Number of protein chains: 2
Amino acid sequence: MAIGRHAGHGAGRRMTTHAPRVVIVGAGAIGAFYGAILQRAGARVEVVLRSDAAVVRERGFCIDSPLGDLSYRPAAVYGPEDTPVPGADFVICCVKVLPDIDRAALIAPWLGPQSAIALIENGLDIEPAVAEALPDHPLISALAFIAVSRRGPGEIEHRAYGRLTLGAWPQGVSEEARQLAQWFEAGGVDAKCRESIVRERWAKSLWNTPFNPISVLADGTDTVTLLETPGGEALARAAMAEVMAVAAADGYPLPDDAIDRNIEATRRMPAYRNSMALDYRAGRALEIDAILGNVVTKAERLGVAVPRLHTLQTLIRMRARESGSIG
Amino acid sequence: MAIGRHAGHGAGRRMTTHAPRVVIVGAGAIGAFYGAILQRAGARVEVVLRSDAAVVRERGFCIDSPLGDLSYRPAAVYGPEDTPVPGADFVICCVKVLPDIDRAALIAPWLGPQSAIALIENGLDIEPAVAEALPDHPLISALAFIAVSRRGPGEIEHRAYGRLTLGAWPQGVSEEARQLAQWFEAGGVDAKCRESIVRERWAKSLWNTPFNPISVLADGTDTVTLLETPGGEALARAAMAEVMAVAAADGYPLPDDAIDRNIEATRRMPAYRNSMALDYRAGRALEIDAILGNVVTKAERLGVAVPRLHTLQTLIRMRARESGSIG
């Protein structure tokens with residue numbers, strides 16, 4: 001990979017001198033934000049947008065953030081009509097994980113022989129579709145802990161957090177992951193590499209897999225309403241226990257107190273609508289498979305009973321069918 | 001009770017000669033329909049309405065039905081401001097079973113020393129609240145198998161069915177139940193007495209308890225969408241199995257093939273929205289406790305695991321809270 005060669009890297013967290021060319025595929029709220037961070041660190045940031053390309057090309061991104069004004073003009077802005085320029089050092093995919101979106105096909109045109117791919121996306125088991133289609137490129141899997149949303153074309157509101165957890169997929173810490181984490185840290189966000197990104201995904205799924213679909217089925221409700229409804233905390237805990245059982249059967253046992261700690265942390269937060277609840281309320285597509293369906297599929301493969309998760313999944317599918325979308 | 005005394009009844013299904021005075025408390029679609037049937041049979045039918053009293057007093061009920069034109073003028077129409085006239089032979093309660101409605105208080109003013117009470121209402125364990133408040137009156141519990149709805153003030157559409165199953169509560173066939181069934185049959189609907197109305201309620205709950213809340217949570221979906229969604233039939237069957245387990249623990253084992261038969265019957269019907277789905281779509285209150293909550297409560301008391309029913313109940317409660325109604 002270009003950075004490694006140019007930087008003459010060895011051990012440790014030494015910063016590369018070569019500024020990487022980064023292409024962000026899917027510069028929605030998440031992609032635009034992390035693009036700002038990398039550009040702040042000195043990277044050349046190019047963005048690929050499905051919509052809003054004209055606005056962003058003209059005005060750049062306007063990003064309100066507790067970190068300050070993160071507004072920036074990307075080095076290049078590509079819309080659906082533009083010809084891709086291959087050979088990025090990093091192609092960072094921030095597209096939603098949906099059944100009808102072929103992420104590998106969106107990533108491929110930007111790759112060169114030395115390119116690494118990074119996925120900053122929610123969910124479990126979201127890597128294989130990309131890894132199998134593009135096996136010759138180092139794959140970095142990353143989790144974003146962030147509250148950020150799109151207010152309008154090119155307008156992003158970063159409300160809180162921003163921490164990233166990265167790792168090579170399926171495991172280990174690659175040089176590419178380490179380099180990318182350093183660029184993020186140089187741009188001002190906490191970005192840590194972990195030996196097992198799959199374990200990190202299970203740990204995040206423990207909360208996401210129950211809370212997201214429960215919120216949607218409760219009409220996009222927030223965390224306080226969810227936990228304060230009689231039976232609500234019991235349902236959340238029981239569904240989390242099902243996730244833990246699948247994680248353990250998959251070889252990733254989570255700590256015994258993981259459920260307690262998640263519930264306590266949720267109770268300490270102010271009322272909060274998770275990303276799927278927000279997507280639901282805005283009429284956007286929901287990442288059901290990534291967040292919930294892949295866990296249920298794994299449970300079935302491993303022979304773990306998940307009656308609550310299965311109920312949630314089926315109800316959401318029915319809703320999608322009833323509303324005339326997928327399902 | 002008046003009928004019995006006047007009729008000098010003995011064994012068998014001999015018709016009484018005395019026309020009973022019937023007060024229908026809650027003459028919505030169901031109450032208005034069965035009032036029409038009883039008036040057709042020769043009973044004196046009086047109705048108590050929360051809304052629509054002025055319209056019905058002026059024009060009577062207009063009822064389209066496959067049985068013909070069932071439009072009628074009740075012998076008396078009472079609104080919330082009118083003074084009750086006690087001493088009915090039968091007080092028939094067709095009010096929805098909701099936590100904030102005190103049905104015994106609505107029934108009491110119409111009772112005399114000889115009055116029998118009949119409940120034509122959905123759900124399980126809906127009788128104790130009335131029986132405990134009004135212990136000195138024979139209590140008839142009845143299930144209606146009917147598709148009927150209100151089109152507007154005083155306007156009712158009877159689409160199909162109409163069969164009644166009656167019994168004394170908690171068990172047996174009382175003379176009052178038999179008499180009332182005869183009046184319904186004389187009016188043209190099939191009305192059968194059963195030795196165990198609680199068993200009949202369990203048998204009806206087998207379908208209602210899962211299908212009603214599942215439909216609501218799937219945004220008021222119909223039976224075909226519910227069963228055709230991947231995982232939908234499996235969810236319905238698994239939730240029905242939970243109902244069967246509670247019924248058996250309660251002393252009412254249902255036949256082994258009850259689930260298969262219910263699913264097959266549902267598949268033979270055209271796409272159908274159940275009563276709770278219709279209430280949900282119309283923004284009306286949902287009979288959650290009667291249909292689902294009382295089954296879950298019984299399961300908890302009897303130590304039967306009902307993860308899917310509990311999930312459904314909690315999600316519906318959250319929705320109610322989120323929308324600012326009860327929960």
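How much area do chain B and chain A bury between them, and what share of it lies on carbon and sulfur atoms? In this predicted model, chain B and chain A bury about 2600 Å² between them, 65% of it on carbon and sulfur atoms, where buried area is the accessible area (1.4 Å probe) that two parts lose on being put together, summed over both.

Because the model is predicted, local features need pLDDT of at least 70 and side-chain atom pairs count only at pLDDT 80 or more, whereas totals for chains, interfaces and linings use all residues. Residues are numbered from 1 along each chain as its sequence is written, chains are lettered from A and ligands numbered from 1 in the order in which they are written, and side-chain values use heavy atoms, with hydrogens and water left out.

**Annotation and domains of chain A**

- The UniProt annotation "domain: Ketopantoate reductase N-terminal", from an unreviewed entry, covers residues 22-170 of chain A; UniProt positions follow the numbering used here, feature names are shortened, and annotations may be inferred rather than shown by experiment.
- That span, residues 22-170 of chain A, is 21% helix and 37% strand, and its end C-alpha atoms lie 22 Å apart; helices (H or I, at least four residues) and strands (E, at least two) are DSSP runs, numbered from the N terminus.
- The UniProt annotation "domain: Ketopantoate reductase C-terminal", likewise from an unreviewed entry, covers residues 197-319 of chain A, a stretch that is 74% helix and 0% strand, with end C-alpha atoms 32 Å apart.
- Chain A is divided into domain 1 (2-195) and domain 2 (199-322), with bounds that come from an automatic or database domain assignment.

**Interface between the domains of chain A**

- The centres of domain 1 and domain 2 of chain A, taken over C-alpha atoms, are separated by 26 Å, and 21 residues of domain 1 are in contact with 20 residues of domain 2, contact meaning heavy atoms within 4.5 Å.
- On the domain 1 side, A:K96, A:N122 and A:L124 lose the most area to domain 2 of chain A, together 39% of what that side buries.
- Across this interface of domain 1 and domain 2 of chain A the rule finds 4 salt bridges, each a side-chain nitrogen of Lys or Arg within 4 Å of a carboxyl oxygen of Asp or Glu.
- The side chains of A:D125 and A:K298 meet in a salt bridge (3.5 Å, N to O).
- The elements giving two or more residues to the domain 1 side are β8 (139-152) and β9 (155-168) of chain A, and β8(A) gives the most, with 5 residues.

**Interface between chain B and chain A**

- In this interface, 32 residues of chain B are in contact with 32 residues of chain A, and on the chain B side B:M318, B:R319 and B:E322 lose the most area to chain A, together 24% of what that side buries.
- The rule finds 6 salt bridges across the interface of chain B and chain A, and the side chains of A:D219 and B:R319 meet in a salt bridge (3.6 Å, N to O).
- The elements that give two or more residues to the chain B side are α7 (197-217), α8 (223-228), α9 (232-249) and α13 (307-322) of chain B, with the largest share, 12 residues, coming from α13(B).
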